[in-house]
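Please look through the sequence and the fold below, and then follow the explanation that leads from one part to the next.

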Amino acid sequence: MSRLMWFKGEIVPVEDAKINVLSPTSQFGANVFEGLRAYWSDSDNQLYIFRLEEHLKRLERSVKMMKFNSPYCIEDYKRAILDVIKANNFKEDIAIRQTVFVDGQGSWMTKDNVDMFIAPIAKQRAYDSSIKPGYDCMISSWERINDNSMSPRIKVGANYINSRMGQLEALDNGFDSAIFLNSRKTVSEGPGSCFFMVRDGVLITPPLTASVLESVTRSTVLQIATEVLKLRVEEREIDRTELYIADEAFFCGTAVEIIPIRSVDRFVLNEGQEGSITKELKSKYFEVVRGTIKLGSDWLTPVY
């Protein structure tokens, strides 16, 4: 059976979903999107979309800031996601890409001809720590985009060129990934992921004003840390050299989930092994997304 996606109001095989090559989404990255995950629960015989409402509210904010004249509302987004997952009959962990885009033969400032696609796909864990205990990262020479140029608060396709440049630079130099500094030269985030570190038992992450995406996973990790693990948490500016003397560090995001960092600029953290707090947070995270631990009352949306 062909993989199915929701495209312009219809559920079609992926190979039949086509856009105009001259469209603003194709030429200029004029699209906003959400990456979501849904996790299968054997005990409940149910597939749960994790924090759907928060993702859809963020998508609405992105549409607003890009000034797209979108014909869709949050209920449309939600109904379309549920319909296309059911059409594929997924009963396993999946990732979902939901994109609102500008089609037709417009320019980079076109507001109309706005439509949407939703593409779910089977997806297992982003990273296996048993193969390698963490990422080796470098501080990128590329500066993170900021609110006065291309706001990281908008989850727009064009913004990810910044992540592309940082990630490719890291790979070309023998690293697994990069860490961006912002215009104030303090730590921002990774390519498509938020950053956390641990120093003296305190979990620390840059504030939302440090040129970071208003991440759903970041807020989840903070809530797990404070409510489940009872950790002390700080949201504050982080200097570059603090990374070299951190006890632990990790990336988080819907796509990457939680990935340990074992070195920064060849400075090794925790003897190159995954830290105990990182490991505990990751374990609790997967219990939360599958519903074993209950946090938010509406964090899990059942599909079936």
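A residue is called buried when its relative accessible area is under 20%. The model shown here is a predicted one, and in it cysteine 252 has a relative accessible area of 0%, so this residue counts as buried.

Cysteine 252 is found in strand S12, which covers residues 248-253, and because 6 of the 6 residues of this strand are buried, S12 is largely enclosed by the rest of the structure. In a regular strand the side chains alternate between the two faces of the sheet. In S12, Glu248, Phe250 and Cys252 point one way, whereas Ala249, Phe251 and Gly253 point the other way, and all of them are buried.

The pairing of S12 can be followed through two other strands. Strand S9, made of residues 194-199, runs antiparallel to S12 and is joined to it by 5 bridges, with valine 198 standing opposite glutamate 248 of S12. Strand S13, made of residues 257-264, also runs antiparallel to S12, and 4 bridges join the two; here phenylalanine 250 stands opposite proline 260 of S13. S12 and S13 are connected by a hairpin through 3 residues.

What does cysteine 252 contact, leaving aside its neighbours within four places in sequence? Its contacts are Ser193, Cys194, Phe196, Thr217, Arg218, Val221, Glu257 and Ile258. For one of these, phenylalanine 196, the separation from cysteine 252 is 56 residues in sequence, while the C-alpha atoms of the two are 7.9 Å apart in space.

Attention can now turn to a pair of helices. Helix H5 (residues 216-228) and helix H7 (residues 276-289) have axes that come within 10 Å and cross at roughly 105°, which means that H5 is roughly perpendicular to H7. On the side of H5 the contact is made by Thr217, Thr220, Val221, Ile224, Ala225 and Val228, and on the side of H7 by Leu281, Lys284, Tyr285 and Val288. Sorted by class, the residues of this contact are 7 nonpolar, 2 polar and 1 charged. Thr217 and Val221, which belong to the contact of H5 with H7, are also among the residues that cysteine 252 touches.

Another part of the model is an open sheet of 7 strands with antiparallel pairing, in the order S2-S1-S6-S5-S3-S4-S15. Strand S2 (10-13) and strand S15 (300-302) stand at its edges, and because each has a single partner strand, one side of each is left without a neighbour in the sheet. On average, neighbouring strands of this sheet are turned by 30° against each other, direction ignored.

Within this sheet, strand S3 (residues 31-41) and strand S5 (residues 94-102) run antiparallel and are joined by 8 bridges, and the bridge partner of arginine 37 is alanine 95 in S5. Helix H2 (residues 52-65) lies across S3, strand S4 (46-50), S5 and S15, and runs at about 175° to S3.

The last stop is serine 23, in the loop between S2 and helix H1 (24-28). Is serine 23 buried or exposed? With a relative accessible area of 0%, serine 23 is buried. Its side chain reaches the backbone oxygen of asparagine 20 at 2.7 Å, and, not counting residues up to four places away in sequence, serine 23 touches Val102, Asp103 and Gly104.

How values were computed. Residues numbered from 1 in each chain as written. Predicted model: local features only at pLDDT ≥ 70, side-chain atom pairs only at ≥ 80, totals over all residues. Heavy atoms only, no water. Pairing = 2+ DSSP bridges. Axes fitted to C-alpha atoms, helices over the stretch in contact; angles between N-to-C directions. Contact = heavy atoms within 4.5 Å. Parallel < 35°, antiparallel > 145°, perpendicular 65-115°, else oblique. Nonpolar A, V, L, I, M, F, W, Y, C, P; charged D, E, K, R; others polar. Buried < 20%, exposed > 50% of the residue type's maximum accessible area, 1.4 Å probe, protein only. Polar contact = N/O pair within 3.5 Å; in protein donor to acceptor, adjacent residues only side chain to side chain.
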